[in-house]
Amino acid sequence: MTTILYNPKANNGSGEASVRAWVAAHGEDPANMRSVLEIPDLAAFVAPLGADDKIILCGGDGTLMRFADAIRDIDLKVPVYFTPAGTGNDFLRDAGTDEDPLLINKYIVDLPRVIVNGEEHVFVNGIGYGLDGYCCEVGDEIQRNSDKKVNYAAIAIKGILGKFKPRRATVTVDGVTRTYKKAWLAPTMNGRCYGGGLFITPNQDRLGESGVVSCAVVHNYGRLHVLMIFPSIGKGQHLKYKKAVEIREGHEVTVKFDTPCALQIDGETYLGVSEYTVLSRKRVKERAAERAAQGVRAEEPATV
(Lines give C-alpha, C1' and ligand atoms only; values in the text may rest on other atoms or scores of the structure.)
Protein backbone atom coordinates (compact mmCIF):
# COMPACT_ATOMS: atom_id res chain seq x y z
CA MET A 1 0.00 0.00 0.00
CA THR A 2 1.21 3.46 -0.91
CA THR A 3 0.13 6.42 1.23
CA ILE A 4 0.84 9.96 0.12
CA LEU A 5 0.92 12.14 3.22
CA TYR A 6 0.78 15.88 2.68
CA ASN A 7 0.46 19.07 4.67
CA PRO A 8 -2.17 21.41 3.17
CA LYS A 9 -0.62 24.34 5.07
CA ALA A 10 2.78 23.90 3.43
CA ASN A 11 4.01 26.27 0.73
CA ASN A 12 2.06 29.24 2.11
CA GLY A 13 -1.20 27.28 2.20
CA SER A 14 -1.00 25.78 -1.29
CA GLY A 15 0.31 22.41 -0.14
CA GLU A 16 -2.57 20.31 -1.47
CA ALA A 17 -2.48 21.92 -4.92
CA SER A 18 1.28 21.36 -5.12
CA VAL A 19 0.93 17.71 -4.16
CA ARG A 20 -1.90 17.06 -6.61
CA ALA A 21 0.28 18.46 -9.39
CA TRP A 22 3.16 16.21 -8.30
CA VAL A 23 0.86 13.16 -8.09
CA ALA A 24 -0.41 13.77 -11.62
CA ALA A 25 3.10 14.26 -12.99
CA HIS A 26 4.42 11.05 -11.38
CA GLY A 27 1.48 8.79 -12.19
CA GLU A 28 0.47 8.21 -8.58
CA ASP A 29 -3.13 7.55 -7.55
CA PRO A 30 -4.71 10.67 -5.95
CA ALA A 31 -6.97 8.32 -3.96
CA ASN A 32 -3.90 7.51 -1.85
CA MET A 33 -3.55 11.11 -0.66
CA ARG A 34 -4.12 11.83 3.04
CA SER A 35 -3.64 15.05 4.95
CA VAL A 36 -1.38 14.69 7.98
CA LEU A 37 -3.75 17.06 9.77
CA GLU A 38 -6.51 14.46 9.53
CA ILE A 39 -4.51 11.71 11.25
CA PRO A 40 -4.88 12.13 15.04
CA ASP A 41 -2.07 9.72 15.96
CA LEU A 42 0.60 9.59 13.27
CA ALA A 43 2.78 7.13 15.17
CA ALA A 44 -0.11 4.66 15.52
CA PHE A 45 -0.82 5.05 11.80
CA VAL A 46 2.78 4.41 10.75
CA ALA A 47 3.82 1.71 13.24
CA PRO A 48 1.94 -1.26 11.64
CA LEU A 49 3.26 -0.53 8.14
CA GLY A 50 6.04 -2.76 6.81
CA ALA A 51 8.53 -3.19 4.01
CA ASP A 52 5.81 -3.97 1.45
CA ASP A 53 4.17 -0.60 2.09
CA LYS A 54 5.39 2.86 1.15
CA ILE A 55 4.90 6.39 2.45
CA ILE A 56 5.51 9.43 0.30
CA LEU A 57 5.72 12.50 2.51
CA CYS A 58 5.00 15.81 0.79
CA GLY A 59 5.69 19.16 2.42
CA GLY A 60 8.40 21.47 3.67
CA ASP A 61 10.99 21.25 6.40
CA GLY A 62 8.35 21.81 9.08
CA THR A 63 6.27 18.90 7.77
CA LEU A 64 9.34 16.69 7.75
CA MET A 65 10.19 17.67 11.32
CA ARG A 66 6.68 17.01 12.60
CA PHE A 67 6.63 13.59 10.92
CA ALA A 68 10.04 12.65 12.36
CA ASP A 69 8.97 13.89 15.78
CA ALA A 70 5.76 11.85 15.70
CA ILE A 71 7.49 8.57 14.80
CA ARG A 72 10.63 9.08 16.90
CA ASP A 73 9.93 6.24 19.35
CA ILE A 74 8.64 3.56 16.97
CA ASP A 75 10.53 0.86 15.07
CA LEU A 76 10.19 2.28 11.57
CA LYS A 77 9.94 -0.53 9.03
CA VAL A 78 8.08 1.15 6.16
CA PRO A 79 10.12 2.92 3.45
CA VAL A 80 9.49 6.66 3.68
CA TYR A 81 10.09 8.93 0.70
CA PHE A 82 10.08 12.71 0.64
CA THR A 83 9.19 15.22 -2.04
CA PRO A 84 9.39 18.98 -1.40
CA ALA A 85 6.23 21.05 -1.24
CA GLY A 86 7.42 23.84 1.01
CA THR A 87 9.08 27.24 0.82
CA GLY A 88 12.55 26.69 2.32
CA ASN A 89 13.35 23.03 1.53
CA ASP A 90 16.67 23.24 3.37
CA PHE A 91 16.77 19.51 4.05
CA LEU A 92 17.01 18.64 0.36
CA ARG A 93 19.38 21.53 -0.26
CA ASP A 94 21.69 20.11 2.39
CA ALA A 95 21.27 16.51 1.20
CA GLY A 96 22.51 17.69 -2.20
CA THR A 97 20.35 15.46 -4.38
CA ASP A 98 17.73 15.92 -7.08
CA GLU A 99 16.23 12.48 -6.48
CA ASP A 100 12.46 12.86 -6.31
CA PRO A 101 11.06 11.30 -4.24
CA LEU A 102 14.04 10.69 -1.96
CA LEU A 103 14.19 7.70 0.40
CA ILE A 104 14.76 9.36 3.80
CA ASN A 105 14.71 6.60 6.43
CA LYS A 106 18.39 7.06 7.26
CA TYR A 107 17.81 10.79 7.79
CA ILE A 108 14.89 10.53 10.21
CA VAL A 109 15.41 7.46 12.43
CA ASP A 110 18.37 8.81 14.41
CA LEU A 111 18.05 12.52 15.17
CA PRO A 112 19.19 15.02 17.80
CA ARG A 113 16.62 16.42 20.21
CA VAL A 114 15.84 19.85 21.59
CA ILE A 115 14.28 20.61 24.96
CA VAL A 116 12.45 23.93 25.06
CA ASN A 117 9.70 25.18 27.38
CA GLY A 118 9.63 21.76 29.03
CA GLU A 119 8.92 19.95 25.76
CA GLU A 120 11.22 17.62 23.85
CA HIS A 121 11.31 17.35 20.05
CA VAL A 122 13.58 15.87 17.43
CA PHE A 123 14.73 18.17 14.66
CA VAL A 124 15.96 17.62 11.13
CA ASN A 125 17.89 20.76 10.16
CA GLY A 126 18.37 23.07 13.10
CA ILE A 127 17.27 25.31 15.94
CA GLY A 128 17.19 29.04 15.21
CA TYR A 129 17.44 31.43 18.14
CA GLY A 130 17.81 35.18 17.86
CA LEU A 131 17.41 37.08 14.62
CA ASP A 132 16.38 33.87 12.81
CA GLY A 133 13.63 33.15 15.32
CA TYR A 134 12.51 36.76 15.07
CA CYS A 135 12.21 36.41 11.28
CA CYS A 136 9.94 33.37 11.69
CA GLU A 137 7.85 35.22 14.27
CA VAL A 138 7.30 38.18 11.92
CA GLY A 139 6.75 35.88 8.94
CA ASP A 140 4.05 33.96 10.81
CA GLU A 141 2.29 37.23 11.66
CA ILE A 142 2.31 38.29 8.02
CA GLN A 143 0.85 34.95 6.95
CA ARG A 144 -1.92 35.22 9.54
CA ASN A 145 -2.95 38.70 8.47
CA SER A 146 -2.50 38.74 4.69
CA ASP A 147 -2.02 36.67 1.56
CA LYS A 148 1.33 38.30 0.83
CA LYS A 149 4.34 36.09 0.16
CA VAL A 150 6.74 36.36 3.08
CA ASN A 151 10.12 37.90 2.25
CA TYR A 152 12.36 36.65 5.03
CA ALA A 153 15.43 38.43 3.68
CA ALA A 154 13.62 41.75 3.93
CA ILE A 155 12.49 40.91 7.47
CA ALA A 156 16.07 40.05 8.43
CA ILE A 157 17.42 43.32 7.02
CA LYS A 158 14.83 45.35 8.88
CA GLY A 159 15.64 43.38 12.02
CA ILE A 160 19.35 44.10 11.70
CA LEU A 161 18.72 47.79 11.07
CA GLY A 162 16.68 48.27 14.21
CA LYS A 163 13.67 45.98 14.71
CA PHE A 164 15.66 43.25 16.48
CA LYS A 165 17.77 43.85 19.58
CA PRO A 166 20.74 41.50 20.13
CA ARG A 167 20.87 39.61 23.43
CA ARG A 168 23.46 38.71 26.01
CA ALA A 169 23.93 34.98 25.49
CA THR A 170 25.37 32.24 27.66
CA VAL A 171 26.31 29.18 25.64
CA THR A 172 27.42 25.91 27.23
CA VAL A 173 28.84 23.17 24.99
CA ASP A 174 29.77 19.90 26.67
CA GLY A 175 30.19 21.64 30.00
CA VAL A 176 32.26 24.61 28.76
CA THR A 177 30.42 27.93 29.16
CA ARG A 178 31.10 31.17 27.28
CA THR A 179 29.25 34.47 27.41
CA TYR A 180 28.58 36.74 24.43
CA LYS A 181 27.55 40.32 25.18
CA LYS A 182 25.93 41.08 21.83
CA ALA A 183 24.58 37.89 20.24
CA TRP A 184 22.55 38.17 17.03
CA LEU A 185 22.22 34.48 16.27
CA ALA A 186 22.77 31.36 18.37
CA PRO A 187 21.44 28.39 16.39
CA THR A 188 22.38 24.75 16.91
CA MET A 189 22.44 22.67 13.76
CA ASN A 190 22.11 19.06 12.66
CA GLY A 191 22.50 20.04 9.00
CA ARG A 192 24.45 22.75 7.24
CA CYS A 193 21.73 25.18 6.28
CA TYR A 194 18.42 26.71 7.31
CA GLY A 195 16.31 29.76 6.55
CA GLY A 196 15.92 29.02 2.84
CA GLY A 197 19.58 28.45 1.99
CA LEU A 198 21.70 30.06 4.71
CA PHE A 199 24.74 27.81 5.22
CA ILE A 200 25.24 28.84 8.81
CA THR A 201 27.32 25.74 9.73
CA PRO A 202 28.91 24.75 6.41
CA ASN A 203 31.08 22.00 7.91
CA GLN A 204 28.32 20.20 9.83
CA ASP A 205 27.63 16.61 8.70
CA ARG A 206 24.18 15.30 9.64
CA LEU A 207 25.27 11.69 9.04
CA GLY A 208 28.79 12.01 10.43
CA GLU A 209 30.19 9.21 12.61
CA SER A 210 30.92 11.57 15.52
CA GLY A 211 27.24 12.52 15.76
CA VAL A 212 28.04 16.06 16.94
CA VAL A 213 25.83 19.11 16.46
CA SER A 214 27.22 22.57 15.71
CA CYS A 215 26.34 25.75 17.60
CA ALA A 216 27.03 28.96 15.69
CA VAL A 217 27.11 32.32 17.45
CA VAL A 218 27.12 35.56 15.47
CA HIS A 219 28.05 38.25 17.97
CA ASN A 220 30.20 41.25 18.84
CA TYR A 221 29.48 43.38 15.75
CA GLY A 222 27.14 46.37 15.48
CA ARG A 223 24.22 46.65 13.08
CA LEU A 224 26.08 47.85 10.00
CA HIS A 225 28.82 45.24 10.34
CA VAL A 226 26.23 42.47 10.76
CA LEU A 227 24.39 43.74 7.70
CA MET A 228 27.67 43.57 5.80
CA ILE A 229 28.43 39.94 6.69
CA PHE A 230 24.85 38.67 6.48
CA PRO A 231 24.92 37.95 2.68
CA SER A 232 28.05 35.82 3.11
CA ILE A 233 26.08 33.28 5.20
CA GLY A 234 24.25 32.22 2.02
CA LYS A 235 27.52 30.76 0.72
CA GLY A 236 28.99 29.73 4.05
CA GLN A 237 31.70 32.36 3.73
CA HIS A 238 30.97 34.11 7.03
CA LEU A 239 33.51 31.96 8.87
CA LYS A 240 36.26 34.34 7.76
CA TYR A 241 34.84 36.95 10.14
CA LYS A 242 36.51 35.35 13.13
CA LYS A 243 35.75 38.21 15.52
CA ALA A 244 32.04 37.92 14.81
CA VAL A 245 31.43 34.20 14.19
CA GLU A 246 32.20 31.26 16.46
CA ILE A 247 31.15 27.68 15.79
CA ARG A 248 31.44 25.05 18.51
CA GLU A 249 30.78 21.34 18.07
CA GLY A 250 29.56 19.04 20.79
CA HIS A 251 26.99 16.60 22.11
CA GLU A 252 25.07 18.77 24.59
CA VAL A 253 24.39 22.45 24.00
CA THR A 254 22.50 24.89 26.20
CA VAL A 255 21.84 28.46 25.04
CA LYS A 256 20.41 31.09 27.38
CA PHE A 257 19.42 34.68 26.51
CA ASP A 258 19.12 37.46 29.07
CA THR A 259 15.69 38.39 27.65
CA PRO A 260 13.19 36.03 25.95
CA CYS A 261 13.19 35.70 22.18
CA ALA A 262 11.41 33.72 19.48
CA LEU A 263 12.91 30.36 18.58
CA GLN A 264 12.28 28.20 15.53
CA ILE A 265 12.64 24.45 15.08
CA ASP A 266 12.89 23.65 11.37
CA GLY A 267 10.71 26.70 10.71
CA GLU A 268 8.16 26.06 13.47
CA THR A 269 8.04 29.07 15.80
CA TYR A 270 8.03 29.14 19.61
CA LEU A 271 7.58 32.51 21.31
CA GLY A 272 9.07 33.92 24.49
CA VAL A 273 11.91 31.42 24.89
CA SER A 274 14.65 32.11 27.43
CA GLU A 275 16.75 29.01 26.81
CA TYR A 276 17.00 25.71 24.99
CA THR A 277 19.08 22.55 25.27
CA VAL A 278 20.09 20.30 22.39
CA LEU A 279 21.22 16.69 22.76
CA SER A 280 23.13 15.13 19.88
CA ARG A 281 21.99 11.76 18.59
CA LYS A 282 24.91 10.17 20.46
CA ARG A 283 23.89 11.90 23.69
CA VAL A 284 20.26 10.83 23.16
CA LYS A 285 21.37 7.19 23.01
CA GLU A 286 23.57 7.60 26.09
CA ARG A 287 20.73 9.18 28.02
CA ALA A 288 18.33 6.41 26.99
CA ALA A 289 20.82 3.81 28.23
CA GLU A 290 21.26 5.71 31.52
CA ARG A 291 17.52 5.95 32.03
CA ALA A 292 17.03 2.27 31.22
CA ALA A 293 19.68 1.35 33.77
CA GLN A 294 17.84 3.44 36.35
CA GLY A 295 14.52 1.83 35.47
CA VAL A 296 13.02 5.11 34.22
CA ARG A 297 10.25 4.76 31.68
CA ALA A 298 11.02 6.30 28.29
CA GLU A 299 7.79 8.33 28.26
CA GLU A 300 8.62 10.17 31.48
CA PRO A 301 9.59 13.83 31.03
CA ALA A 302 13.23 14.46 30.21
CA THR A 303 15.48 16.48 32.45
CA VAL A 304 18.87 17.93 31.68
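In this predicted model, helix α4 (residues 61–70) buries D61, G62, T63, L64, M65, F67, A68 and D69. That makes eight of its ten residues, so the helix counts as mostly covered.

**Around helix α4: the cores**

- F67 is one of the two residues that touch the most other members of the largest nonpolar core, a set of 73 residues; the other is I108.
- Strand β14 (residues 252–265) gives the most to this core, contributing six residues.
- Which residues does I108 contact, once its neighbours within four places in sequence are left aside? They are L64, F67, A68, I71, L76 and V80.
- As background, nonpolar side chains tend to be buried together in soluble globular proteins.

**N7, a buried polar residue**

- N7 sits in the loop between β1 (2–6) and α1 (10–13).
- Is N7 buried or exposed? With a relative accessibility of 4%, N7 falls under the 20% cut-off and so counts as buried.
- The side chain of N7 makes a polar contact of 3.1 Å with the side chain of T63, one of the buried residues of α4.
- Beyond four places in sequence, the contacts of N7 are G15, V36, L37, C58, T63 and R66.

- Y129 and F257 are a stacked pair, because their ring centres are 4.0 Å apart and their planes meet at 10°.
- This pair ties together parts of the chain 128 residues apart in sequence, since Y129 lies in strand β8 (residues 126–129) and F257 in strand β14.
- Both partners are buried: Y129 has a relative accessible area of 0%, and F257 has one of 7%.
- Why is the pair of F164 and W184 called tilted? The ring centres of F164 and W184 are 6.2 Å apart and their planes are at 45°, so the pair is tilted.
- F164 is in the loop between α8 (152–163) and β9 (167–173), while W184 belongs to strand β10 (residues 176–185); the pair links distant parts of the chain, 20 residues apart.
- F164 and W184 are both buried.
- One aromatic cluster is made up of F82, F91 and Y107.
- A charge also meets a ring: K54 lies over the face of Y81, 5.6 Å from the ring centre.

- β6 pairs with strand β7 (residues 119–122) in the antiparallel sense, over four bridges.
- Within that pairing, I115 has E120 of β7 as its bridge partner.
- β6 and β7 form a hairpin with two residues between them, and N117 in the turn has a positive phi of about 50°.
- β6 also pairs in the antiparallel sense with strand β15 (residues 268–279), here over three bridges.
- In β15, V278 stands opposite V114.

**Y180 in strand β10**

- Y180 lies in strand β10 and counts as buried, at 4% relative accessibility.
- The side chains of Y180 and E246 are joined by a polar contact of 2.7 Å.
- Not counting residues up to four places away in sequence, Y180 touches R167, R168, A169, V171, V217, H219, E246 and R248.
- Y180 and T269 are 89 residues apart along the chain, and their C-alpha atoms are separated by 24 Å.

**Backbone details to look at**

- D100 and P101 are joined by a cis peptide bond, with omega of about 0°.
- P101 is in the loop between α5 (90–95) and β5 (102–103).
- D174, in the loop between β9 and β10, has a positive phi near 50° although D174 is not a glycine.
- D174 is partly exposed, with a relative accessible area of 42%.
- N220 is another non-glycine residue with a positive phi, near 80°, and is found in the loop between β12 (213–219) and α9 (223–229).
- The relative accessible area of N220 is 44%, so N220 is partly exposed.

Terms used. Residues are numbered from 1 along each chain as its sequence is written. This is a predicted model: local features need pLDDT of at least 70, side-chain atom pairs count only at pLDDT 80 or more; totals for chains, interfaces and linings use all residues. Side-chain values use heavy atoms; hydrogens and water are left out. Buried means under 20% relative accessible area, exposed over 50%, partly exposed in between (1.4 Å probe, protein chains only). A polar contact is a pair of N or O atoms within 3.5 Å; within protein, one must be able to donate a hydrogen and the other to accept it, and residues adjacent in sequence count only if both atoms are side-chain atoms. Contact means heavy atoms within 4.5 Å. A nonpolar core is a set of buried Ala, Val, Leu, Ile, Met, Phe, Trp, Tyr and Cys residues joined through side-chain atoms within 4.5 Å. Rings of Phe, Tyr and Trp (its six-membered ring) pair if their centres lie within 6.5 Å; planes under 30 degrees apart count as stacked, over 60 as edge-to-face and the rest as tilted. A charge sits over a ring if NZ of Lys or CZ of Arg is within 6 Å of the ring centre and within 35 degrees of the ring normal. Two strands pair if DSSP finds at least two bridges between them.
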